[in-house]
Amino acid sequence: MKILRLVVSLVFLFGRSTPAQSAPAPKTVKAVRFGKLWDAKGKVWNNAIVVIEGDKIKLVSTNPSDIPVAAQVIDLSQYTGLPGLIDVHTHMTQYTDETPEKPMLKQLVDNPPAVEVFLARKGALRTVEAGVTTVRDLGADQYEDIAMRDLINRGEMLGPRMFVCGYGLYITNTPYKPGLNPPAGGIADGVPEVLRAVRQQIAAGADVIKMYASTGTDDDVTQFETYSYEEIKAAVDAAHQFGKKIAIHSYGPDGARDAVRAGADSVEHATDMDDATIQEMVRRGTFYVPTIDHNRYYLDNWQKIGYADGFQEKTKAFIERNLETARKAHKAGVKFAMGSDAIYTMFGQNTRELGWFVKAGMTPEQALETATTNAAELLGKAKELGAVAPGYYADLVAVEGDPLTSVDVAIDHVRWVMKGGAVVVDKRRGGE
Ligand SMILES: [Zn+2]
């Protein structure tokens, strides 16, 4: 017996193994009380109690006796609770500030990758302050998105949980940033190069694939398809082969039509889609991420960004057609997910898109579903994110007012945010 103990203690001494020595630290238990709770599972709870163990929700109840004795109780009974919101289209690493005399577009070109990632923490904070606890980030340079995702997951940076794509795939064109092509990633012409580029992103650690299948970005609202159906299909199949979803950017109807037919999981922007494409989206369950609000942001901030004057009329017309396409798609029964396309200083305005969805004919509840259950489904995380229910991540938002009456409450009246069981924002009146 003594010999055995000696052996065991030597093992510990040399650090070979320690887990059996002591029981794991008990998980922190919290109980959050809401006056009302919309759980995104079709139920509004009055006087809800959400019990949290570690980073997950243990139970939802209205019975105070369900609060564990050791729980830290957080009283939000004057607020309405929502699941943490999900923005499925961001560019988190392309954050800029309003440095005087330096247009934001120029900042993106000039900032070295490490500087961009460091600055991006400010946009990340504003994003969680808007109640957004998860994002799907659709396009970055130099794998800054992977670095940022991992820094957030390690607790070194405060920000939303990120699902990232690395480089979006695009055809050979004029780079927006000198030196970006070649040899930088993402450029792929023809099926073999598309296959290689998809595999490169996955090998680098991407969670999702992004492909730019049309022109159109910033102050340019042209809609020309840039990839052939065969190239798009190759990207979709290669992504799916590795269990990854694929988002396809198309400002216009042609790229959207081919993306949907090829089996894309979501189409981004996709203004002027024809009825046959919309019907095909309903049939296949393809998500539509219209990103209407980002063009509003460009119109409001074009001088600071550094666009040349004269683009505004075309962009205004594009917004109207984008909204009209969203209206048609919603009426036809297409599934929507909320994507802001946040970039530059747009972080914090991520959920304004919900206002456009209500304009397109959704009820506030339907709009909130696009940023919760629908978005989680598009991420392939429908059982972990986007709802307040046992087993889900403890991502919670407290808003002041009733977001089911006015969606603006969810946009402008966020007072408190929890991500993975940790309080990350607390702006309650007389906050604790
Ligand atoms: Zn985008």
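**Exercise 1.** Determine how the axes of helix H3 and helix H4 are arranged in this predicted model.

*Solution.* Step 1: locate the helices; H3 covers residues 113-129 and H4 covers residues 144-153. Step 2: consider their axes, which come within 10 Å and cross at roughly 50°. Step 4: assign the handedness; the crossing of H3 past H4 is right-handed.

**Exercise 2.** Identify which residues of H3 and H4 meet, and describe the contact by class.

*Solution.* Step 1: from H3, the residues in contact are Pro113, Glu116, Val117, Ala120 and Ala124. Step 2: their partners in H4 are Glu144, Met148 and Leu151. Step 3: sorted by class, this contact holds six nonpolar and two charged residues, with no polar ones.

**Exercise 3.** State how many cavities of 30 Å³ or more the whole structure has, and describe the lining of the largest cavity.

*Solution.* Step 1: the search finds one such cavity. Step 2: the space in the largest cavity amounts to about 40 Å³. Step 3: its lining residues include Pro83, Ile86, Thr133, Leu385, Tyr393 and Asp395. Step 4: by class, five lining residues are nonpolar, four polar and one charged.

**Exercise 4.** Describe the second largest pocket by volume and lining.

*Solution.* Step 1: the volume of this pocket is about 180 Å³. Step 2: among the residues that line the second largest pocket are Arg136, Phe163, Asp207, Lys244, Lys245 and Lys381. Step 3: the lining comprises five charged, four nonpolar and two polar residues.

Definitions and conventions:
Residues numbered from 1 in each chain as written. Predicted model: local features only at pLDDT ≥ 70, side-chain atom pairs only at ≥ 80, totals over all residues. Heavy atoms only, no water. 1 Å grid on protein atoms, 1.4 Å probe; cavity = no way out; pocket = protein on both sides within 12 Å on 5 of 7 lines; lining within 4 Å. Points joined across faces, edges and corners; volume = space filled by probe spheres on them. Nonpolar A, V, L, I, M, F, W, Y, C, P; charged D, E, K, R; others polar. Axes fitted to C-alpha atoms, helices over the stretch in contact; angles between N-to-C directions. Helix = DSSP H or I, 4+ residues; strand = E, 2+ residues; numbered from the N terminus. Left-handed = near helix turned anticlockwise from the far one by under 90°. Contact = heavy atoms within 4.5 Å.
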